[in-house]
Amino acid sequence: MPELPEVEVVARGLRACVLGRTVRSAVLRVPRLRWPLPEGLSERLAGQRLDDIERRGKYLLLHFGQGSLIVHLGMSGSLRFMTRWEAPRAHDHVDLCFEHGWLRLHDPRRFGAVLWHGSDLGPAGAHPLLARLGVEPLGGGFDGALLHRGTRGRRLAIKQLLLAGQVVVGVGNIYASESLFRAGIRPTTAAARLSRRRCDRLADEIRATLAEAIDRGGTTLRDFSGADGQSGYFQLDCFVYGREGQPCRHCATPVRMAHQQQRATFWCPSCQT
Ligand SMILES: [Zn+2]
């Protein structure tokens, strides 16, 4: 599943390919992905210039004069920009036809989303899917103080709190496991038990882990490719994620794996307390 760094890389790729360009039409080949696709999208977008491209959590916001297209890549979605026409293949569900090429959404599992938020409804951030998202981990509002406040009175495990997205958004399973390792915090620790000092450390490691992944072009997991069609995703050199039974890179203790709410969690029993 594309996580925040991958989506950020896609946003950067899109800015390079289509920002400031005008849409001619849109082609929708299925009636719905996770939700129904917007009716009349082609007519709405025709002649509109793509003024800005933003990422919010794992959503891509394509801002046009009359509204915003909200795109989520779901479990298996990818975007590809083509300057030469190619016949659509299976699972190529949506094309945005620009004056200089085609932006194509491919999504075999169809958990992705393409939604339209008209500017008459207010800013795209007011959309129900976006309005309650936590702060951006790479933005100025995220630090140990905010994480500490957000963990008070919360008895759930810190890893689950990170994944829930209400305090901080977009820290998915891989990056939660890696950040907790780097901060020396066991994933099952009750969030409320973390001291301010440990929250400071964890916030720093979340930011560093995500920033490193973005620099590397995101983590390669499955069939995910960047906006330019390159599969420019380098395998993240994980400390613990996906390394069950292998020696910890710091202390050589075998890495453990358990499930927290059906999500695999990896940790070093010596380095993380
Ligand atoms: Zn260790």
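The chain is divided into domain 1 (4-131) and domain 2 (144-267), the bounds coming from an automatic or database domain assignment, and the C-alpha centres of domain 1 and domain 2 lie 28 Å apart. This is a predicted model, in which local features need pLDDT of at least 70 and side-chain atom pairs count only at pLDDT 80 or more, while totals for chains, interfaces and linings use all residues. Residues are numbered from 1 along each chain as its sequence is written.

Helices (H or I, at least four residues) and strands (E, at least two) are DSSP runs, numbered from the N terminus.

| Helix pair | Axis distance | Crossing angle |
|---|---|---|
| H6 (residues 173-183) and H7 (residues 196-215) | within 8 Å | roughly 130 degrees |
| H4 (residues 144-151) and H7 | 8 Å | about 120 degrees |

H4 packs against H7 at an angle of about 120 degrees, and that makes H4 oblique to H7; H6 and H7 are likewise oblique to each other. On this scale, angles under 35 degrees count as roughly parallel, over 145 as roughly antiparallel, 65 to 115 as roughly perpendicular and the rest as oblique. The crossing of H6 and H7 is right-handed, and H4 also passes H7 in a right-handed crossing, where a crossing is right-handed if the near helix is turned clockwise from the far one by less than a right angle, and left-handed if anticlockwise.

Contact here means that the C-beta atoms of two residues, placed from the backbone, lie within 7 Å. From H6, the residues Tyr175, Glu178, Ser179, Arg182 and Ala183 meet Arg198, Arg201, Leu202, Glu205, Ile206, Thr209, Leu210 and Ala213 of H7. The residues of this contact of H6 with H7 comprise six nonpolar, two polar and five charged, with Ala, Val, Leu, Ile, Met, Phe, Trp, Tyr, Cys and Pro counted as nonpolar, Asp, Glu, Lys and Arg as charged, and the others, Gly among them, as polar. On the H4 side, Gly144, Leu147, His148 and Thr151 meet Arg196, Cys199, Asp200, Leu202 and Ala203 in H7, and the residues of this contact divide into four nonpolar, three polar and two charged.

H6 is largely enclosed by the rest of the structure, because 10 of its 11 residues are buried; a residue is buried if 20 or more other C-beta atoms lie within 10 Å of its own, exposed if 12 or fewer, and partly exposed in between. Among the buried residues of H6 are Ile174, Leu180 and Phe181, and the buried residues of this helix pack against helix H5 (158-164), H7 and E10. Gly184, with a positive phi near 75 degrees, follows H6.

Most residues other than glycine have a negative phi, yet phi is positive in Gln261, near 50 degrees, and in Gln262, near 65 degrees. Gln261 counts as exposed, with 11 C-beta neighbours inside 10 Å, and Gln262 is exposed with 5 other C-beta atoms within 10 Å.

In helix H3 (residues 128-131) is found Pro128, which is exposed, with 7 other C-beta atoms within 10 Å. Pro128 and Pro36 are 92 residues apart in sequence and 16 Å apart in space, C-alpha to C-alpha.

How values were computed: Axes fitted to C-alpha atoms, helices over the stretch in contact; angles between N-to-C directions.
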